[in-house]
Amino acid sequence: MSVFDFANPERFERLARPIAVPTGALAAVLIGAGLYYGLFNSPPDYKQGETVRIMYVHVPAAWMALACYTALAAASAVGFIWKHPLADVAARATAPIGAVFTAVAIVTGSLWGRPMWGTWWAWDARLTSVLILFFLYLGYMAVWAAIEDKARAARLAAIVAIAGFINVPIIKFSVDWWNSLHQPASVFRADGPTIDGSMLAPLLLMALGYTVLFIALLLASMRNEIAARRLMRLEGAPGRPVSTVRKE
Amino acid sequence: MRAQLAVIGRDVSLAFRSGGGALHSVIFFALAALVFALAIGPDLALLSGLAAPILWAIALLSALVSLDRLFQADFEDGSLDTIVETADFLELSVLAKSVAHWLSAGLPVVLAAPAVALLLNLPAEGYAPLLLSLLVGTPALSFLGAIGAAVALGLRRASILVAILSGPLFAPALIFGVGAARAGAVDSPQFLPAILLLGAITLFGALLGPIAGAAAIRLNMTA
């Protein structure tokens, strides 16, 4: 049993269909529990007060932003090197999910920054690199949107994803350097205490919930894409109109 | 090697002949400086502090606007087909095309930079570090930009896609370029490391750009 057995969309569908609903339900339970503990059943921070609760939504989203880009690059590499068709589908499906996690991280970070730093946006090193990451996601999706031929779009988008992934550490390093040169880092280094167990539990629950949510959304999106392609093939067959659904 | 030199020679002479567009980059560069000056206002003291960042930003913008043509003309007239068919290593041809792009669009901008810097009231001690940082750093833009230019080959909205794809990749060159120009102007010990890191980014771009660009061109030419 190798990863190539999943290249068969039929087999993928057989595996994905039964776990689609349970993963979605599990994600809802985990995120629900994480939100309950994070928002209602955990202590406020001695320095940040109640605003620390934004962290339970924000920090896991930032983790997912990075994890999704890694997954995107890995799926792109598999798709590019071994021409694994499902890897292309997975990479394409990962991008919008990762972009939304990145946007959530940026927006919640901004909401947290307003009371804590007194400003909606600071050109802090982390904020800036996450913003650049967001643009990398948008560029990747722009390639898919611009090229009609799916097979070609998949491979060109894979090149963009891999080249971007190789650049991520360099961008991160340069932004850190830029930030330390331009403004004293001491202002925004109020990291607070090492995290307490009562805060760590909801944080990890949320992180787990986001991961399961990612899997659920990824499976749904991939099944959609496979179904859409099958529909297109069927409609392409002469004299057999199958549905009036808009062709992608 | 001779093939690559021939590509460079041909591209550069085409760019500098009438209708070639080498001067367009310089005109755009000067125009962008005017736009910044008009937006910021005639305050010479303020402009003098911002001159180095502005010059780097507009050098980056003028690279962006010319990059979509990097392979486009050769794609349209079919010479790219010949290059793909005959090159032993397409990567080296892409490298040659990037070098030619820098010689015909980047270098003129670097040479025009002192005159534009004069308009922006750059302090006298800022000229040498600015020019050095532009010389070392702008080739990275041509190298890394080749990725976007190759991916967007033949698309209708190629220029905007090239800009979207290249922008994030240009961030390190911009950061260290401005950092070096600023540090050099005040004789800061940050200057040497910044210039060296900028050189490292250019060398890295010279490796990554041609590999990724060649892969994208192969795909675009066969499909």
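A cavity is, on a 1 Å grid over the protein atoms alone, a set of points where a 1.4 Å probe fits but cannot get out, and its lining residues have an atom within 4 Å of a point. The structure examined here is a predicted model, in which local features need pLDDT of at least 70 and side-chain atom pairs count only at pLDDT 80 or more, while totals for chains, interfaces and linings use all residues. Residues are numbered from 1 along each chain as its sequence is written, chains are lettered from A in the order in which they are written, and side-chain values use heavy atoms, with hydrogens and water left out.

A search of the whole structure gives two cavities of 30 Å³ or more, where a volume is the space filled by probe spheres set on the grid points, joined across faces, edges and corners. H8(B) gives the largest share, five residues. By type, the lining holds 13 nonpolar, four polar and no charged residues, with Ala, Val, Leu, Ile, Met, Phe, Trp, Tyr, Cys and Pro counted as nonpolar, Asp, Glu, Lys and Arg as charged, and the others, Gly among them, as polar.

The second largest cavity, of about 70 Å³, has a lining that includes B:His101, B:Trp102 and B:Thr138. Helices H3 (44–67), H6 (90–119) and H7 of chain B each supply at least two of its lining residues, and H6(B) provides the largest share, five.

Turning to the interface, 27 residues of chain B are in contact (heavy atoms within 4.5 Å) with 28 residues of chain A. The two chains bury about 2,400 Å² between them, 82% of it on carbon and sulfur atoms; buried area is the accessible area (1.4 Å probe) that two parts lose on being put together, summed over both. In chain B, the residues losing the most area to chain A are B:Pro168, B:Ile175 and B:Leu219, together 21% of what that side buries. H7, H8 and H9 (191–222) of chain B each give two or more residues to the side that touches chain A, and H8(B) contributes the largest share, eleven. That side of chain B comprises 22 nonpolar, three polar and two charged residues.

How values were computed
1 Å grid on protein atoms, 1.4 Å probe; cavity = no way out; pocket = protein on both sides within 12 Å on 5 of 7 lines; lining within 4 Å. Helix = DSSP H or I, 4+ residues; strand = E, 2+ residues; numbered from the N terminus.
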